Amino acid sequence: MKIATFNINNVNRRLPNLLDWLRSAQPDAVCLQELKADDNQFPEKPLQDAGYHSVWRGQRTWNGVAILARDTSPIITRRQLPGDGDDTQSRYIEAAVNGALIACIYLPNGNPQPGPKFDYKLAWFERLIAHAKTLFATNAPVVLAGDFNVVPTDFDIYPTKSWTNDALVQPAPRACFTRLLDQGWVDAIRTLHPTDPMFTFWDYKRERWQRDAGLRLDHLLLNQTAAAMLVEADVDRDVRGQEGASDHAPAWIELGNVAQRHHRGRRHK
């Protein structure tokens, strides 16, 4: 089972890029972030024509998340991260796909910092840590996938001082990411690529794509059940270089025998 995460940076504007990537990569499940579209503007029909059923939470401006599934319908389990009933930002959606539980995450950027946006980022991260603890214990394979808006270590960013004051690299969100991993989650990309930067984001400014001045912001974290099935993990870098591309590239994993395990579990029950 191939599961991907892709900050699409406006799903309607990048729809041709998205459909082209879906045809070539053929992921089984995809987490999209930064839809920049209201619920009624989500391109459900073109995606369905391409073989993908969707669940989504739209929002204009910078937010919006969706989960796509190939040749099956995602079974939605949660539309909002618990812990703050007043939070109206569309940053989390969770669904079951072919026996795996997938959480699509768009963690707040937090800039400028310090300030209210950075405080919101840290508060949201705390809510994610609390909810992830309950998900980790799930017997099924669980994947936390998305744009976490955190560069975990200095190895995950090109050599530079230009981001020093940015919220993406501050000690506090990095500490939150470490605490999340300390629950037992496996960082799939870094685990299988310990010596490569594996950037997933290149800003449009200052020819950062052309210079490979990238950051690793998009992560796929696995509970123990999913980690035991991990076969492959990678980043489709070339997608970032296409005309009209998002400033992110898709990151993905492949898990073995998820569907078989799901069917065995149903028979056992």
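Guide: Let us begin with the elements: helices (H or I, at least four residues) and strands (E, at least two) are DSSP runs, numbered from the N terminus. By that rule A66 is found in strand β4, residues 65-70. The model is a predicted one, in which local features need pLDDT of at least 70 and side-chain atom pairs count only at pLDDT 80 or more, while totals for chains, interfaces and linings use all residues. Residues are numbered from 1 along each chain as its sequence is written, and side-chain values use heavy atoms, with hydrogens and water left out.

Visitor: Is A66 buried or exposed?

Guide: Buried means under 20% relative accessible area, exposed over 50%, and partly exposed in between, with a 1.4 Å probe and protein chains only. A66 has a relative accessible area of 0%, so it counts as buried. Contact means heavy atoms within 4.5 Å, and, leaving aside neighbours within four places in sequence, A66 is in contact with residues including V30, L35, F42, W56 and C104. A66 and W56 are 10 residues apart in sequence, yet 4.0 Å apart in space, C-alpha to C-alpha.

Visitor: Where is T200 found, and what does its side chain reach?

Guide: T200 is found in the loop between α5 (188-192) and β10 (218-222), and it counts as buried because its relative accessibility is 1%. The side chain of T200 reaches the backbone nitrogen of L217 at 3.1 Å.

Visitor: In what order do the strands of the open sheet lie?

Guide: Two strands pair if DSSP finds at least two bridges between them. The open sheet has 6 strands in the order β5-β6-β7-β8-β10-β9, with mixed pairing. β5 (75-78) and β9 (186-187) stand at the edges, each with a single partner strand, so one side of each is left without a neighbour in the sheet. Strand β6 (residues 92-97) is joined to β7 by 6 bridges, and the two run antiparallel; the bridge partner of A96 in β7 is L101.

Visitor: Which residues have the most contacts inside the largest nonpolar core?

Guide: A nonpolar core is a set of buried Ala, Val, Leu, Ile, Met, Phe, Trp, Tyr and Cys residues joined through side-chain atoms within 4.5 Å. In soluble globular proteins, nonpolar side chains tend to be buried together. The largest such core here has 44 residues, and those with the most contacts inside it are I3, I67, I102, L215, I253 and L255. Strand β7 (residues 100-106) gives the most to this core, with 4 residues.

Methods
Polar contact = N/O pair within 3.5 Å; in protein donor to acceptor, adjacent residues only side chain to side chain.
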